[in-house]
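Trainee: Could you walk me through reading a protein model? I'd like to learn it one feature at a time.

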Amino acid sequence: MSIPIARGRLDRPRVVQAAVELADEHGLDAASMRGVAERLGVTPMALYKHIANRSQLIDAMLDQVLDQIPPAAHQGRWSQAVRSRIFAARSVLLAHPWARDAIESRTLATATTLAYMDSLMAAMLAGGLSADLVHHAMHTLSTRMWGFTRDVLPTPRVPEAPEERARALSDFSASYPAIVRMATTSSHAGASCDEDAEFAFALDLILDGIGRLHEDGWRPPGAVAEGTPV
């Protein structure tokens with residue numbers, strides 16, 4: 001149950017802060033106009049003087065969180081600058097898990113969202129990457145630009161009973177030998193994945209690949225090379 005905030009002068013920052021705290025505690029769905037009103041000890045109608053609707057509320061919540069990402073530091077290689085920026089975003093969003101759902105639910109980017117994306121593109125362009133390569137890089141990064149990804153690796157649960165367990169593992173091995181080999185012989189066999197390490201691996205793979213394309217003079221399919229007669 002949410003603890004009502006002490007009554008006082010209601011304004012937009014106070015409404016947004018209450019919504020962020022509610023979402024931090026109970027998830028994004030809990031931060032409804034009614035839920036925020038109850039937390040503040042007011043009627044839902046009182047919120048509409050400061051926030052037009054829930055979509056605007058989520059935008060404002062997200063902006064408040066993204067504002068916590070430290071300013072970009074354009075130092076070193078472009079890939080280092082982008083990597084540092086993304087990990088800074090990851091650190092902030094990990095403290096507000098609901099922000100992932102908020103980002104994926106938005107249909108229009110706010111000024112704060114655009115400013116963050118602009119900082120990534122600016123680092124790439126400053127590193128000499130073409131606008132075309134930056135365009136593809138941003139699509140490839142996708143949600144990774146915010147420091148998270150949606151990994152989907154569903155696997156069946158193994159029965160607890162020894163006989164059923166052995167039979168299930170035998171059947172699984174016969175049907176999916178590559179999965180079993182990976183799961184039983186990799187250095188992570190039997191252990192939970194290190195999410196930070198897995199994220200870093202994928203991000204570095206993407207940035208290294210983009211870097212190699214840049215060094216090789218990559219151009220989009222159909223583009224006319226400079227100096228070529230048209």
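Trainee: What pattern does the protein follow, read along the sequence?

Mentor: Helices (H or I, at least four residues) and strands (E, at least two) are DSSP runs, numbered from the N terminus. Here the pattern reads α-α-α-α-α-α-α-α-α-α-α, with 11 helices and zero strands. Keep in mind that this is a predicted model, where local features need pLDDT of at least 70, side-chain atom pairs count only at pLDDT 80 or more, and totals for chains, interfaces and linings use all residues. Residues are numbered from 1 along each chain as its sequence is written, and side-chain values use heavy atoms, leaving out hydrogens and water.

Trainee: Is Ala 18 buried or exposed?

Mentor: Buried means under 20% relative accessible area, exposed over 50%, and partly exposed in between (1.4 Å probe, protein chains only). Ala 18 is part of helix α1 (residues 12-26), and it counts as buried because its relative accessibility is 1%. Of the protein's 230 residues, 33% count as buried.

Trainee: How far apart are the C-alpha atoms of Ala 18 and Ala 37?

Mentor: They're separated by 8.9 Å, though the two residues sit 19 residues apart along the chain. As for contacts (heavy atoms within 4.5 Å), take those in the protein with a separation of 6 or more: 68% come from residues 24 or more positions apart.

Trainee: And Glu 195, buried or exposed?

Mentor: Glu 195 has a relative accessible area of 59%, so it's exposed. You'll find Glu 195 in helix α11 (residues 195-215).
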